[in-house]
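Please keep the structure in view while reading.

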Amino acid sequence: MATRSIVYNDVNNEFLRKKAKPVREFNESLWQLLDDMRDTMRAKYGVGLAAPQVGVLKKVVVIEVNNMYLELVNPEILEEFGTQENVEGCLSVKNCQAYVNRPEQITVKACDRYGDEFVITGTGYLACALSHETDHLKGILFIDKMTRLYNPEEEYKGSKK
């Protein structure tokens, strides 16, 4: 198990705002990156992780939702339908959760670690994760799309009324 350091969003660090580059070589270096990203995501209790979040400007994403683990290399959104609003956080944005509007359904074309192309359609939570992680590859963070901050204390008080 190898974990990598997380790149955090802060005023002096614009790295997460850069656009990731396509993967051209599907080799052991890519496989190691994917394995390290999976281990890092799990160690940090994340749902997804994009390569820029570990300091690599490549179009690579890992996601684990509903006991399903996905590796997406060079993902490209083909279609989006509907909207949903959920609370999101991010391993690269410390101590912040917010409501974000995302597609209810999303279809993505990507390659696996060996360069074989596939298409996946996700709904609900998986659609949210696919949208969130592919945004990272474009230099977009969830805080750019948030509608309002999430305050668990306010949510709790509201449910007690």
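Contact here means heavy atoms within 4.5 Å. This is a predicted model, in which local features need pLDDT of at least 70 and side-chain atom pairs count only at pLDDT 80 or more, while totals for chains, interfaces and linings use all residues. Residues are numbered from 1 along each chain as its sequence is written, and side-chain values use heavy atoms, with hydrogens and water left out.

**Sheet and helix**

- Helices (H or I, at least four residues) and strands (E, at least two) are DSSP runs, numbered from the N terminus; two strands pair if DSSP finds at least two bridges between them.
- Three strands, in the order 4-5-8, form an open sheet with antiparallel pairing.
- Strand 4 (84–90) and strand 8 (146–149) are the edge strands, each pairing on one side only.
- From one strand to the next, the twist averages 35 degrees.
- Strand 5 (residues 93–102) and strand 8 run antiparallel and are joined by 3 bridges.
- Ala 98 has Leu 149 in strand 8 as its bridge partner.
- Helix 2 (residues 124–136) packs on the sheet and touches strand 4 and strand 5; its direction makes about 50 degrees with that of strand 4 (axes are lines fitted to C-alpha atoms, for helices over the stretch in contact, and angles run from 0 to 180 degrees between N-to-C directions).

**Glu 71**

- Glu 71 lies in strand 3 (residues 68–81).
- Glu 71 counts as buried because its relative accessibility is 14% (buried means under 20% relative accessible area, exposed over 50%, partly exposed in between, with a 1.4 Å probe and protein chains only).
- The Glu 71 side chain makes polar contacts with the side chains of Tyr 69, at 3.0 Å, and Arg 113, at 2.8 Å (a polar contact is a pair of N or O atoms within 3.5 Å; within protein, one must be able to donate a hydrogen and the other to accept it, and residues adjacent in sequence count only if both atoms are side-chain atoms).
- Leaving aside neighbours within four places in sequence, Glu 71 is in contact with Leu 34, Val 61, Val 62, Cys 111, Asp 112, Arg 113 and Phe 118.
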